[in-house]
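I opened the model to look up how its parts touch one another. These are my notes, in the order in which I made them.

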Amino acid sequence: MELRFDKRINIFCGHYGSGKSEISVNSAVSVKSAYDDVLLVDLDIVNPFFRSLDAKNKLESLGISVIAPEFANTNVDVPVIGPEIAAALRNQNRRVILDVGGDEDGARVLGRYFFDIPQQDYDMFFVFNRSRPMTRDLSETIEYINEIQLASRLKITRLINNTHYLGETTPEDVLYGAELAREISEKTGIPLAASCVMKGFKHDIASRIDHPLFVLDNHILMPFK
Amino acid sequence: MGEKLLMKGNEVIAEAAIRAGCRHYFGYPITPQTELMHYMAKKMPKVGGVFLQAESEVSAINMVYGAASTGKRVLTSSSSPGISLKQEGISYASGAQLPAVIVNIMRGGPGLGGIQPSQSDYFQATKGGGHGDYHMIVLAPSSVQELYELTVDAFNLADKYRILTMILGDGILGQMMEVVNFRDEEKIETYDKSWAANGHKNEREHNTITSIHIDPAVLEQWNIGYQKKYQLITESEQRYELYNCDDAEIILVAYGSVARICKGAIKEAAAQGIKLGLIRPITLWPFPVKGIEKIIDIPKAFLTVEMSSGQMLEDVRLAVDGRKPVYFTGRMGGMIPTVKNIMDKVMEIKERHS
């Protein structure tokens with residue numbers, strides 16, 4: 001089973017450090033295989049480091065457009081959102097991926113598009129990694145879901161389980177995350193869209209889950225890699 | 001086995017502090033260390049601790065002075081410009097011999113500079129950014145796991161010697177995510193705190209926490225006492241890592257995240273048939289002179305690599321004491337040295353000593 005992006009607008013949100021940027025970049029690549037005009041918006045106005053904008057050159061070479069807040073990746077730590085983002089959200093011929101900043105603080109920027117997104121064909125993915133310290137159990141993870149929905153003025157429509165320990169990930173870790181996803185689904189009614197593993201993951205996992213597996217390429221690299 | 005989590009450097013410092021028994025945090029937000037405060041704000045209320053965002057760094061460091069005076073474990077954190085603002089309080093707390101932990105996740109300077117990683121506060125941290133003859137113990141982790149372990153150690157060292165201990169990291173370390181394996185239980189060492197101003201209950205004399213001594217002869221005696229303590233720390237607390245040093249032609253000297261780039265260069269050099277080694281200071285003060293002494297006869301030359309104009313370089317030269325040439329390469333202003341930068345310098349040195 002493959003993860004399909006059926007909607008025109010795909011939004012990725014979640015607790016910071018859960019892998020939203022890497023998943024957004026991979027989603028853009030995936031959407032590009034089916035659609036011509038694809039735009040990735042790096043909408044992170046909270047964290048100036050390790051962002052999807054870092055993969056700009058690679059994405060542009062694949063024909064994917066990338067835009068980001070005005071001063072991203074410079075020393076000016078000022079969140080300025082350009083008008084081209086709203087324009088893209090209204091353009092019915094464009095497939096748009098929004099990589100949103102972490103937590104409710106990062107999601108708040110979506111509230112500004114209250115007259116652009118809810119009326120449109122969109123999915124909002126909540127990405128979580130159960131090995132992160134603040135999204136370990138049901139109640140604290142649901143707290144993030146609620147806070148992000150409130151701040152963004154949008155409803156989360158799908159879950160992505162991105163539970164991993166970088167190079168030390170085992171299939172059991174992924175399944176442990178999927179278990180939490182199931183609990184969240186039961187409690188909130190939000191369906192699980194996919195679990196993620198990195199390309200080259202040497203264990204069989206697809207046969208052990210009942211939902212799509214999203215295989216990720218590593219696009220955002222450390223300076224010493 | 002203890003809990004295993006995927007954490008950012010900044011987060012792990014906060015978690016480690018809580019595990020080390022710290023229940024008092026005072027600070028003011030600044031990129032690139034803000035996640036530390038974010039984590040503290042969320043976690044401290046849950047463990048019955050105090051998180052307070054002060055109105056400025058100056059307030060925060062004086063709150064640290066107050067809390068430390070009562071003998072409680074206390075933490076503050078900031079990044080370069082904020083640490084500059086804290087210097088007066090750091091000098092006062094050093095004069096009053098208060099134990100506390102200060103975190104500096106360095107960014108590019110001088111002045112407001114930028115938000116990208118840097119190591120240009122080495123002088124400020126190790127040579128005293130504030131006034132007076134004082135030192136802080138300065139620890140330089142180079143991974144998220146080590147940030148955890150050294151933060152716990154920092155609290156123990158601070159209490160042991162009644163001294164400020166600084167964790168000196170940079171924007172890369174603060175922002176990067178790695179797997180951390182926590183111990184089931186922390187070894188929280190307890191030391192005599194009968195000096196603390198925590199209420200005498202009419203059962204003992206007042207304890208006075210101060211850095212003012214009006215009679216110069218008395219002040220000199222205090223200073224002599226501080227220096228004895230610094231001497232003891234210099235003798236007993238030097239830490240370093242030696243990596244690949246046996247038969248190395250050139251030994252690199254680097255701390256923190258730059259040491260990891262150096263390890264990348266060592267690998268690259270090995271592929272080209274060149275033997276490089278690395279000494280990584282883990283304590284920047286006291287500087288690991290003993291580590292340099294151990295390897296002094298091995299290489300033809302030393303190469304110091306820093307994200308600065310060459311600050312630790314001076315301590316390396318003092319330790320090497322003219323016995324071998326010491327070269328330098330580095331980047332500034334938030335730029336990160338690459339394996340190629342290091343290899344270019346290595347080739348240049350090899351040429352000169354062939």
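I began with the domains of chain B: domain 1 covers 4-236 and domain 2 covers 241-352, with bounds from an automatic or database domain assignment. This is a predicted model, in which local features need pLDDT of at least 70 and side-chain atom pairs count only at pLDDT 80 or more, while totals for chains, interfaces and linings use all residues. Residues are numbered from 1 along each chain as its sequence is written, chains are lettered from A in the order in which they are written, and side-chain values use heavy atoms, with hydrogens and water left out.

**Entry: domain 1 against domain 2, chain B**

I looked up the spacing and found 28 Å between the C-alpha centres of domain 1 and domain 2 of chain B. Domain 1 of chain B puts 33 residues into the contact and domain 2 of chain B puts in 26 (contact means heavy atoms within 4.5 Å).

How much area do the two domains of chain B bury between them? I noted about 2,400 Å², 55% of it on carbon and sulfur atoms. Buried area here is the accessible area (1.4 Å probe) that two parts lose on being put together, summed over both.

I found 3 salt bridges across this domain interface of chain B (a side-chain nitrogen of Lys or Arg within 4 Å of a carboxyl oxygen of Asp or Glu). B:Glu178 and B:Arg260 form a salt bridge, with 2.6 Å between their closest N and O atoms.

On the side of domain 1 of chain B that touches domain 2 of chain B, helix 9 gives the most, with 4 residues (helices are DSSP runs of H or I, at least four residues, and strands are runs of E, at least two, numbered from the N terminus).

**Entry: chain B against chain A**

I then turned to the two chains. Chain B and chain A each bring 27 residues to their contact. They bury about 2,500 Å² between them, 63% of it on carbon and sulfur atoms.

I counted 3 salt bridges between chain B and chain A. B:Glu3 forms a salt bridge with A:Arg136, the closest N and O atoms being 3.7 Å apart.

Which elements of chain B each supply at least two residues of the side that touches chain A? I listed strand 1 (4-8), helix 2 (34-43), helix 8, strand 8 (177-181) and helix 10 (257-271) of chain B. Strand 1 of chain B gives the most to that side, with 5 residues.
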